[in-house]
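I opened this entry to look up a few packing details.

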Amino acid sequence: MDTTTIVLLLAAIVTVSIVIIVLSQMRERARIERARKITAQEDAYKRANRLLTEIPGQYLTADLKLLLIKRMEEACTELAGLKSNLPVKEWQNSAAELKTQIIEKRDTTTPVKIDSAEKSNYVKELLQNLFKMIEAMHKSGRIDAATAKKNLKYVLFLVHKTHADLHVFQARDYVRQNQIRKAIHAYHLASTEMGKSRDNPLAMKAVKSFRTRIKELEAMSAEGKESPQGESKLDREWDTFLHDDEWKKKADYDD
């Protein structure tokens, strides 16, 4: 075997080796990228599902629920295309069933009381995650600008409502303890929180209601009266604030 043949043979071996290494690296990159995509879509599905199940029921409108389900369905579609080993079909069937219930107004809503700073902060964190998710859906073209704007504005309102919930709970507790000045301060804080959503008629109705309650408590304090037993009208209305048709009918900007 002459020198030229040996050189060509060695070159061929080197070339084949390089090709094998490149192909192996490409397959490994493809495997890693597929795993990354599967993990990302799994996280997206679980994040949307968590928001749907853990945000207090009274906070989620049908539109917000459907947005969350839309994100879950999109993640499932991506996972199906990636042929993951996750229970995608089961997730899709569950999402489709819940979507039908929401559209037909058959889904159940379980109100959750915001009665501690820890719970208030946790719900605020969930709502902030929801806000980011809606922003991401808009940026990626999954929802249009009008839908994004409408729902983002409402989520911000809910963040203020969460803080107001805590202040109202504290105010009611102060009233029961006959600590009227502290109760008045707590209602002032609740009013300030709802006042941050000035473009929401329901929030402005709440502000007026808080002011009325504050005047009642101030009159009670001036006269030296003890707080009456039982809930006030405001307390009863506040408990059903987001899903009471009467409040929504009365929500306006009138003084």
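**Contacts of Met194**

I started with Met194 and left out residues up to four places away in sequence. Met194 then touches Phe157, His160, Lys161, Ala164, Ala203, Met204, Ala206, Val207, Phe210, Trp238 and Phe241. I note that the model is a predicted one.

**The core**

Next I looked up the largest nonpolar core, which has 62 residues. Which members touch the most others? I found Leu130, Ile134, Met194 and Phe210. I then listed the elements that give two or more residues to this core: α1, α2 (62-81), α3, α4 (117-139), α5 (145-176), α6, α7 and α8 (233-239). The most comes from α5, with 12 residues.

**Aromatic pairs**

I searched the whole structure for aromatic pairs and got three. One of them joins Tyr45 and Trp91, with 4.1 Å centre to centre and 5° between the planes. I count this pair as stacked, because planes under 30 degrees apart fall in that class. Tyr45 sits in helix α1 (residues 3-54) and Trp91 in helix α3 (residues 88-103). The two are 46 residues apart, so I logged the pair as a link between distant parts of the chain.

Are these two residues buried or exposed? Tyr45 is buried, at a relative accessible area of 6%. Trp91 is buried too, at 13%.

I also noted the pair of Tyr187 and Phe210. Its centres are 6.1 Å apart and its planes are at 35°, which makes it tilted. Tyr187 belongs to helix α6 (residues 180-195), and Phe210 to helix α7 (residues 201-222). For burial, I read a relative accessible area of 0% for Tyr187 and 0% for Phe210. Both count as buried, because the cut-off is under 20%. I had already met Phe210 among the contacts of Met194.

**α1 against α4**

Last, I checked how α1 and α4 pack. Their angle is about 135°, and their axes are 10 Å apart. The two helices are therefore oblique to each other. What is the handedness of the crossing of α1 and α4? I have it as left-handed.

I wrote down the residues that meet. From α1 they are Ala48, Arg50, Leu51 and Glu54. From α4 they are Tyr122, Glu125, Leu126, Asn129, Leu130 and Met133.

Note on methods: Residues are numbered from 1 along each chain as its sequence is written. This is a predicted model: local features need pLDDT of at least 70, side-chain atom pairs count only at pLDDT 80 or more; totals for chains, interfaces and linings use all residues. Side-chain values use heavy atoms; hydrogens and water are left out. Rings of Phe, Tyr and Trp (its six-membered ring) pair if their centres lie within 6.5 Å; planes under 30 degrees apart count as stacked, over 60 as edge-to-face and the rest as tilted. Helices (H or I, at least four residues) and strands (E, at least two) are DSSP runs, numbered from the N terminus. Buried means under 20% relative accessible area, exposed over 50%, partly exposed in between (1.4 Å probe, protein chains only). A nonpolar core is a set of buried Ala, Val, Leu, Ile, Met, Phe, Trp, Tyr and Cys residues joined through side-chain atoms within 4.5 Å. Contact means heavy atoms within 4.5 Å. Axes are lines fitted to C-alpha atoms, for helices over the stretch in contact, and angles run from 0 to 180 degrees between N-to-C directions. Angles under 35 degrees count as roughly parallel, over 145 as roughly antiparallel, 65 to 115 as roughly perpendicular and the rest as oblique. A crossing is left-handed if the near helix is turned anticlockwise from the far one by less than a right angle, and right-handed if clockwise.
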